2 protein chains.
Amino acid sequence: MRTAFYISDGTAITAEVFGHALLTLFPAEFEHVTIPFVESIDMAQQVKQRINDRYKTTGAKPLIFQTFVDDNLRHIINSSEGICYDFLNSFVEPIQRELGIAPVPKTHRTHSIHEKTYDFRIDAVNFALANDDGANVKDYDKADVILVGVSRSGKTPTSLYLALQFGIKAANYPFVEEDMDQLKLPAALQRNKSKLFGLTITAERLSQIREQRKSNSRYASLRQCQIELNEVENLYRQQQIPFLNSTHLSIEEISAKIMAITGLKRRKI
Amino acid sequence: MRTAFYISDGTAITAEVFGHALLTLFPAEFEHVTIPFVESIDMAQQVKQRINDRYKTTGAKPLIFQTFVDDNLRHIINSSEGICYDFLNSFVEPIQRELGIAPVPKTHRTHSIHEKTYDFRIDAVNFALANDDGANVKDYDKADVILVGVSRSGKTPTSLYLALQFGIKAANYPFVEEDMDQLKLPAALQRNKSKLFGLTITAERLSQIREQRKSNSRYASLRQCQIELNEVENLYRQQQIPFLNSTHLSIEEISAKIMAITGLKRRKI
């Protein structure tokens, strides 16, 4: 099996995203090795040795996805037996030409506490946790978006992802039977109606998820799921709440769609 | 101000990471526009129009970071007035040559529910939430790692990030004064000692963070913070618990360091 190394003088998160996006295009298995915070000549030389050792033991040149900002460190890795793919270096020059300004290489420029919007994102995570599952309706005025839906339709992980990735303050509110019987919005939601975004899901999938939680319960029964989903979808339509079906979507996809549909602005570059 | 577009037939998350990593190297401000799920010829043509309109109104060619898998859609965007940077296309060919196998382009191959490890990540998020803040010590046997530290030292957001990004099941346990007076580990932690990872922080920063929560309290006082931090750092050393100081680190950096120090394997490619 071919080994893929993800190496950086920072978190190596960008190197991982970059390498994974490429490798998933190929129908092959890889062994993945991430080495973050390679910040000294010594460490870079040790990593070079690891790459060369891997080549020796496997007979296949490792693929190296690297995002070094420091030229000296980069050159050490480039001198290894691995095949190096360096997207920063490949694209900096054409962008520099287009912008007409020189780059100012700095380590830890991404994914660090120095990012302008870092505090926004942490505040948003704390907001999502404090406003999870209808726990706290009094802060809805401060929310950017309020996700609504029946229990287990994907609200909580989506709220957290919106916070971490985009710095969006997302509260979430689960519709319970009482709300649905009356087919009307609780007062706290009514007041912030323009912030509501609904999630729905197929009854079959919902029942499956709920079974894992409370096996053989009325809560998990297909019939109960169907009733609840009919009710909330009627409510969404009646109240003109934008909504989407999360059945076949990942939380990344749900979040990206919510951002696109609502037009919310990211608090993160 | 120059406009940067992030465009994809998927979530555009990869396009954003790719573009941001490059643009943060340049000392300039950009307007950022993300357009995910451009999945038809019609939509691609609308996006092309938006790019061209932007060029017309600003007089500066927009920078386009795109990660289309579909060639037809890519070509439409490439024919716009924007300057297109396409890292997938630039690197696929050299990787193909090295691997000796052809790529199999598929949309939604990353960040989708079809990723092999998607369920792991969602389970891990649910685990982190259920095991937050010492809420539930009985499931520590199932944890991959248990973050420990005083209140507000960064445990919760780090647990969530480890879950979302790496599919790692991270519980977290806050040391309270009772634990610290005795300088010993509670039984549930003792049993899983090999999974413990400690966080610490400077007393000044901790006091600042706690002030935001409970202003002018004993809890937030510099003196109280100092006492607690001294105690936990002694405990870490005495019990040989690996730990790091989170004061100047983002949750991405803390998480990447924890992964590197513990040698935990990612459950995500």
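Buried area is the accessible area (1.4 Å probe) that two parts lose on being put together, summed over both. In this predicted model, local features need pLDDT of at least 70 and side-chain atom pairs count only at pLDDT 80 or more, while totals for chains, interfaces and linings use all residues. Residues are numbered from 1 along each chain as its sequence is written, chains are lettered from A in the order in which they are written, and side-chain values use heavy atoms, with hydrogens and water left out.

Chain A and chain B bury about 6900 Å² between them, and 71% of this area lies on carbon and sulfur atoms. The contact (heavy atoms within 4.5 Å) draws 78 residues from chain A and 78 residues from chain B. The same surface serves both copies, as 99% of the contact residues of chain A recur in chain B.

Six salt bridges are found across the interface of chain A and chain B, a salt bridge being a side-chain nitrogen of Lys or Arg within 4 Å of a carboxyl oxygen of Asp or Glu. A salt bridge joins the side chains of A:Glu98 and B:Arg2, at 2.7 Å from N to O. Among the elements that give two or more residues to the side of chain A that touches chain B are helix H1 (13–23), strand E2 (30–35) and helix H4 (87–99) of chain A; helices (H or I, at least four residues) and strands (E, at least two) are DSSP runs, numbered from the N terminus. H4(A) gives the most to this side, with 10 residues.

In chain B, helix H1 (residues 13–23) is mostly covered, with 11 of its 11 residues buried. Buried means under 20% relative accessible area, exposed over 50%, and partly exposed in between (1.4 Å probe, protein chains only). The buried residues of H1(B) include B:Ile13, B:Glu16, B:Phe18 and B:His20.

Within chain A, A:Ser246 lies in the loop between strand E8 (243–245) and H11. A:Ser246 counts as buried because its relative accessibility is 6%. The side chain of A:Ser246 reaches the backbone oxygen of A:Ser153 at 3.2 Å. Not counting residues up to four places away in sequence, A:Ser246 touches A:Ser153, A:Thr200, A:Ile201 and A:Ile254.

Note on methods
A polar contact is a pair of N or O atoms within 3.5 Å; within protein, one must be able to donate a hydrogen and the other to accept it, and residues adjacent in sequence count only if both atoms are side-chain atoms.
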